[in-house]
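Me: Let's go through a fold together, question by question. Here is what we're looking at.

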Amino acid sequence: DGPLINTDLLNPDNESTTVEWMPDAAPYLVMPTLSVPDDLPSGSYELWTTIYHWQAAPDGLPLAAPPHITTAGNFVQVGIVTVN
């Protein structure tokens with residue numbers, strides 16, 4: 001959980017948080033990292049994400065996705081991870 005960071009693909013050291021994003025600026029890449037606990041049991045795990053505003057929409061903002069993307073309410077499935 002944390003703020004989204006825009007990363008300039010041409011200058012990866014140039015990062016800005018959402019409060020610094022300009023409406024007419026070119027889009028950058030948002031690259032969150034995920035750590036998996038060492039003691040996580042073997043199995044398949046679905047990864048879901050949402051974007052929310054901590055005051056206005058703590059349960060997530062409405063998200064739009066193409067038909068081939070799995071959604072549930074304000075969440076979008078971003079992948080499945082298998083732990084062996």
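Reply: First a term: a contact means heavy atoms within 4.5 Å. This is a predicted model, where local features need pLDDT of at least 70 and side-chain atom pairs count only at pLDDT 80 or more, while totals for chains, interfaces and linings use all residues. Residues are numbered from 1 along each chain as its sequence is written, and side-chain values use heavy atoms, with hydrogens and water left out.

Me: Among contacts between residues at least 6 apart in sequence, what share joins residues at least 24 apart?
Reply: Take the contacts in the protein whose residues are at least 6 apart in sequence. Those joining residues at least 24 apart make up 45%.

Me: What pattern do the elements follow along the sequence?
Reply: Helices (DSSP runs of H or I, at least four residues) and strands (E, at least two) are numbered from the N terminus. The protein has 0 helices and 5 strands. Read along the sequence, that gives β-β-β-β-β.

Me: In what order do the 3 strands of the open sheet sit?
Reply: Strands pair if DSSP finds at least two bridges between them. The pairing in this sheet is antiparallel, and the order is β3-β5-β4. Pairing on one side only, the edge strands are β3 (43–49) and β4 (71–72).

Me: Is glutamine 77 buried or exposed?
Reply: Glutamine 77 sits in strand β5 (residues 75–83). Leaving aside neighbours within four places in sequence, glutamine 77 touches Glu46, Leu47, Trp48, Ile69 and Thr70. Buried means under 20% relative accessible area and exposed over 50%, with partly exposed in between (1.4 Å probe, protein chains only). At 18%, glutamine 77 is therefore buried.
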